[in-house]
Amino acid sequence: MFGRGRNEPVRRANARTVPPPGGRDPAERARRWPPLRRLVRIVLAVLVPSSFGVAALGAVYYAADHAAEYLDESSGFRVERIEVVGNQQLTERQVLERAGLVPGSSIFDVDIVAAGRRLLLDPWIRRATVQKRMPATVVVRIVERRPVALLAGEGTLQLMAEDGSVMGPTTAAGAPDLPVLTGFDLERRRTDPVGLQEELTGAVELLRLLEEVGLPGSRTPAELHRSVRGGFDLLTGDALVVHLGPGPYRPKLKRLAEAVAALDARALAAAEIFLPGTRHPDRVSVRLGP
């Protein structure tokens, strides 16, 4: 009566509550160390592929280095020819020295960007490009600045380019036959470089206009002086002094041509001509010469 029934299931002890012989339950160990397991898996997942990746990358570098050495040793990839295009004042040797290009070097070692930058450091060079023509040619193209005037001041003569930049000193014996710019305070390079550059650029632009329009009687400009009254005074090759004053200069040059034509019609020669200013825009004053 008090025994188990025939169909009553036999109760067994819970396997989770009974430790296995000789140690702890594996499930319990897993619950006690889940962070460590995840850390080990992450480290293996990162390090193992990375190790193979580093090895593969090292192999690529090794192969590339030996390939570059092989190409350098091959005569077909040495710079055998350097073409210089556009130089007029500078010699081909000077251009190559400024660019840092040497025939016989590996064409793979030629840094065309750096060579172009070095060329632009020369005041004679306005634009420069360097190109490679595989397998063994480098082409250098330059556009030189054109000197249009001589800047006098501080006991020196300096060449002035058409863009208003100073190209460098020259001597009176070696200077080309160009108009001379005078009256500029060159000490302003330290105190007011922007203002000085604007004045120099204005003088170069006026010389360009004189070249375009021309002076009456086929005269040529010999000196352009920065006037203390503002603007410029012009001295021509035959010693005629023209007080231009401030701009705009195109209408003033037209009035100058009219005044000289009127003087020539009367067989008169002028020593000085004062072109109209803002106060008397229609008046041209003339001081006659001998």
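**Close-up views of a predicted model**

By class, the residues lining the second largest pocket comprise 9 nonpolar, 1 polar and 5 charged.

View A. Of the 15 residues that line the second largest pocket, Pro179, Leu207, Leu210, Glu211 and Pro221 are the closest to its centre.

**View B. Helix 6 and its buried residues.** Helix 6 is built of 21 residues and spans 30 Å from its first C-alpha to its last, which is close to the 30 Å expected at 1.5 Å a residue. Its buried residues are Gly195, Leu196, Glu199, Leu200, Ala203, Val204, Leu206, Leu207, Leu209 and Leu210. An α-helix has 3.6 residues a turn, so residues three or four places apart point the same way. Leu207 and Leu210, both buried in helix 6, are also among the residues closest to the centre of the second largest pocket. Just after helix 6, Gly214 adopts a positive phi of about 85°.

**View C. The largest pocket and the contribution of strand 10.** About 360 Å³ of space lies in the largest pocket, whose lining is made up of 19 residues. Nearest the centre of the largest pocket lie Gly245, Phe274, Leu275, Pro276 and Gly277. Strand 10 (residues 241–245) gives the most to this lining, with 3 residues, while the lining as a whole divides into 6 nonpolar, 8 polar and 5 charged residues.

View D. Most residues other than glycine have a negative phi, and most peptide bonds are trans.

**View E. Positive phi at Glu154 and at Ala267.** Glu154, although not a glycine, has a positive phi of about 60°, and its place is in the loop between strand 4 and strand 5 (156–161). With a relative accessible area of 52%, Glu154 is exposed, because the cut-off for that class is over 50%. Ala267 also has a positive phi of about 60° without being a glycine, and this residue belongs to the loop between helix 7 and strand 11 (270–274). Ala267 counts as exposed at 73% relative accessibility.

**View F. Ala269 and its contacts with Leu288 and Gly289.** Ala269 is placed in the loop between helix 7 and strand 11, the loop that also holds Ala267. At 45% relative accessibility, Ala269 counts as partly exposed. When its neighbours within four places in sequence are left aside, Ala269 is in contact with Leu288 and Gly289. The C-alpha atoms of Ala269 and Leu288 are separated by 5.9 Å, although these two residues are 19 residues apart along the chain.

How values were computed
Residues are numbered from 1 along each chain as its sequence is written. This is a predicted model: local features need pLDDT of at least 70, side-chain atom pairs count only at pLDDT 80 or more; totals for chains, interfaces and linings use all residues. Side-chain values use heavy atoms; hydrogens and water are left out. On a 1 Å grid over the protein atoms alone, a cavity is a set of points where a 1.4 Å probe fits but cannot get out, and a pocket is an open set with protein on both sides within 12 Å along at least five of seven lines; lining residues have an atom within 4 Å of a point. Grid points are joined across faces, edges and corners, and a volume is the space filled by probe spheres set on the points. Helices (H or I, at least four residues) and strands (E, at least two) are DSSP runs, numbered from the N terminus. Ala, Val, Leu, Ile, Met, Phe, Trp, Tyr, Cys and Pro count as nonpolar, Asp, Glu, Lys and Arg as charged, and the others, Gly among them, as polar. Buried means under 20% relative accessible area, exposed over 50%, partly exposed in between (1.4 Å probe, protein chains only). The expected span of a helix is 1.5 Å times one less than its number of residues. Contact means heavy atoms within 4.5 Å.
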